[in-house]
Amino acid sequence: MLYQIADGSVSPGGTAVLSHFDFMIKGTEKIAVVGRNGAGKSTLLRLIAGELSLDRDDKRNGPGITTARRLTVGMLGQQAFGDGDRTVEEELLSGCPCRDLFDRERFAYEMEYDRMFTGLGFSRADKKKKLREFSGGEQTKIGLIRLLLDRPDILLLDEPTNHLDLASVQWLEEELRTYERAVVMVSHDRFFLDRVAEVVYEIDRGRLTRYAGNYTAYRAEKAKRLELQQKAYERQQEEIRRLEDVIQRFKHKPTKASFARAKRRQLERMPLAEKPEEEAARFFPGEISPLHPGSKWTLEAEHLKIGYDRPLLEVSLRVRRGQKIGILGSNGAGKSTFLKTVAGFLEPLDGTYTLGNHVTLGYFDQHSAKIQSGKSVLEHFHELYPSLTEKEVRSVLGAYRFGGRNAAKTVSSLSGGEKARLVLAELLQSRPSLLILDEPTNHMDILAKETLEAAFQAYTGTILFVSHDRYFIRQVADAILIFEEDGVMYYPFGYEHYLERIRRGADGGGAAARVKAEDAALLAGMRAVPKAERHRLREIPEEEAYLEWKLRLASERMEPAGSRLERLEEACRELETAIAQSPETWAAVFPELWEQDGTSGSDKTAALEKKPEQGGAPARLEALMQEREALSRERDAAWEQWHEACLAWLEAWEE
C-alpha cells in the first residue's frame, strides 16, 4: 500500500465535505476521482497534496493517513511561476538534478524535456521565450511538463485536459499510461478517463466508493450495484408492508395481541435497507423510431461546394437510413457550414444535394437552446405536444431528467445545458427521420450527456452530428466523416476503430492512407463500383464494406481458433505415438506381452489402456494416460471455440 487514508473526515472552513471515508493508492495505480460538482474532488486532491489536514477524531484508530515510505507529491496548479522573466528553458532545466553540462544524466533530462515540450504542441523555438509571453493555458502546459519531469511518487491532476487541444490530450494519455508512478486525476473528459484510469473513486454524499477498471467499467458496475440495492430495498419494503398488515389485523384480538406485539418489535428492530438514490441519468429500454422512416438513402450529395464567400470544400456522399455519423475536423474546416447547408440554412455554392423521400429533418445548434419563456417546463412541453396527457408529458420529461420539481421550473430560469437538453427532448419526441446536431452536449454535465447518449442510441433514425466530446462520439457514432484541408474522408466504422487505425499506422500518411494500408480487403470492394458512382470522399461502398468488416471480424476469431485446434491435434497425435511406441514402457510393464511373437499393435494398446487395478500401466504410464486425457479435453474445448467461430462467420455471410 503506497498511500492510505482510513476513516478520514475533512471539513475545510468548518463545512463537512468528506466524512469517514477510506482511500488507498496501490503501487503505480492510475486513479480517477469522479462525482458531481461540489462533491469534494478537489478537496481530496488538496488533502493528498498536504494543503489540508484530516479533522481531529478521537474515535479513529491510528493517524488516519499512512504511507509506505516518504513520498514526493506533485499537483498541477502548484506550479505558479514566480519569475515571469525567466525563459522556459531556464525554468525547466532548473529542476534537473545534475548540474554538469556534459553529464549523461543531464543529456537524458534535456532530451526528455525536449520530447515533452514538442509533444504538447510547442515549437523548439518557444524554449527561448519568457514565461510571461505565454497565455495562462500555455503556462499550465509548461507546469505540467515540469511536473512530469520531476517524476513525483504521486502525481495529482485537476482537469489536466482543460487547456489542451486534441493532439496534446492524446499525447498526455499515452504519457500517463506509461508513467511509472501513481496518478490521481479529476477530469470531466470521460474518454480521457477511459484511456488512462485503472481505478475509479466516486464521491457521493461525502463518502468514497472504489471501483476497479476505467470509467466505462465503473458506470456498468455502479448500475449493477444500484439494481441489486433497489431490489433489496423493494423486498424489505414488501416485508415491512406484510408485517404492518399482520399487526393491524391482530393487534385488537385478545388471543393474538402478544403475537402482534412480537411482530411490532421485529419491525422496530429490523435494520432498514438504504433506498438507493435515483440515478440522474436515464436509460431508454425501447427504441425511439421516426414517424416516417423515409427512403433507403436519407441524404445524397454530389459535388456539393459549401462555404460563404468562397468554397471551403467539396463533398460527395450518400448517407444510408439509420446511420449515425460523427463529423471530425479542425476549427474552421467547414463542419458547421456543412450541417447548415444540409439543413437548408445556407445555400450551396455549387453542386447538388437531396433528401430522400418522406425524410423529415430536425436541426439543433447552440442558438436553438436560446429559448425564453415564462411558462414552466411542463407547460412549455405540453403546449408543443397537446395530444399527450399530463401523465405522458411527465413521463417523457422525466426520461430527460426534468422530473418532479424540475418540471415546475420556468424555461427562462434554466441553465444553458438544461435548455439544450429540453430542446433535444422536443426534437426526439417529434421523431424526425434525420437529426442534424451541432455540439449537442456543450455545457452539459456528465449525467446529462449520458442521458442523451442513451436516447441517441435508442433512436433508430439517421444522425449527422459534430461534437468535441470523444466519449460521446464513441458512444453514438457508427461512422466518421473527417474534414481535412484536401477534402473529406469517410470512415465506415466507429470512433474507437478509427483511433486504433491511427495508432497502428506505421507510415506518415493521413487516416485514409492508413485505412488503405490496414484494410486492403475492405477497399477491394471499390473496384466493383462504377467510376461514376464512386464518391469523391473516398467512401467504401457501404453494403460491401459492412459485410467485409463483419466477415473479417469473424475471421479474426476463426483463424487463431483453427490454428490452436491444429496444434492441439498434432500434440495429441504425437502423444498417442509416444505412448504406443515407447519400448522402455512396454518392456518394463508388459515384458511377456511385448516379447510375444505375433502380438498386434491393437492388443498392446488395449493392454496399455487397462486401469491400474486391472493390472494395467503403473505410475509413469498412468501419468502419460492422464496427460493424454487432459490434452484431449483441451482439444475438444478448442474445437468448440473453432466451431462457434465458424458459425459466426457463416451467420455474418448469410446476412
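# Close-up views of a predicted chain

View 1. Asp126 sits in the loop that joins helix 3 (104–119) to helix 4 (136–150); helices (H or I, at least four residues) and strands (E, at least two) are DSSP runs, numbered from the N terminus. The model is predicted, and local features need pLDDT of at least 70, side-chain atom pairs count only at pLDDT 80 or more, and totals for chains, interfaces and linings use all residues. Residues are numbered from 1 along each chain as its sequence is written, and side-chain values use heavy atoms, with hydrogens and water left out. Asp126 counts as buried because its relative accessibility is 16%; buried means under 20% relative accessible area, exposed over 50%, and partly exposed in between (1.4 Å probe, protein chains only). Leaving aside residues up to four places away in sequence, Asp126 touches Val88, Phe117 and Phe134, where contact means heavy atoms within 4.5 Å.

View 2. The side chains of Glu91 and Arg146 form a salt bridge, 2.8 Å from N to O. The term stands for a side-chain nitrogen of Lys or Arg within 4 Å of a carboxyl oxygen of Asp or Glu. Glu91 belongs to helix 2 (residues 88–93) and Arg146 to helix 4, so the pair ties together parts 55 residues apart in sequence. Glu91 is buried at 10% relative accessibility, and Arg146 is buried at 15%.

View 3. Arg190 meets Glu453 in a salt bridge (2.6 Å, N to O). Arg190 lies in helix 6 (residues 190–196) and Glu453 in helix 13, so this pair ties together parts that are 263 residues apart in sequence. Both Arg190 and Glu453 are buried. Asp194 forms a salt bridge with Arg474, their closest N and O atoms being 2.4 Å apart. Arg474 lies in helix 14 (residues 470–476) and Asp194 in helix 6, so the parts tied together here are 280 residues apart in sequence. Asp194 is buried, with a relative accessible area of 9%. Salt bridges with shared partners also join Glu173, Glu174, Arg177, Asp189, Arg195 and Arg470 into one network.

**View 4. Phe456 in the largest nonpolar core.** The largest nonpolar core has 92 residues, and Tyr400 and Phe456 have the most contacts inside it. Such a core is a set of buried Ala, Val, Leu, Ile, Met, Phe, Trp, Tyr and Cys residues joined through side-chain atoms within 4.5 Å. Helix 12 (residues 416–430) gives the most to this core, with seven residues. Among the residues that Phe456 touches are Leu424, Leu428, Ile463 and Phe472, not counting residues up to four places away in sequence.

**View 5. Helix 7 from end to end.** The 36 residues of helix 7 (residues 215–250) should span 52 Å at 1.5 Å a residue, and the end C-alpha atoms are 52 Å apart, which agrees. The expected span is 1.5 Å times one less than the number of residues. At the N-terminal end, Asn214 caps the helix, with a side-chain oxygen 3.4 Å from the backbone nitrogen of Thr216. The buried residues of helix 7 include Tyr215, Leu226, Ile240 and Phe250.

View 6. Most residues other than glycine have a negative phi. His20, which is not a glycine, has a positive phi of about 45°. His20 lies in strand 2 (residues 18–25) and is partly exposed at 48% relative accessibility. Glu439 also has a positive phi, near 50°. Glu439 is in the loop between strand 15 (434–438) and helix 13 (446–458) and is buried, with a relative accessible area of 9%.

Key: Polar contact = N/O pair within 3.5 Å; in protein donor to acceptor, adjacent residues only side chain to side chain.
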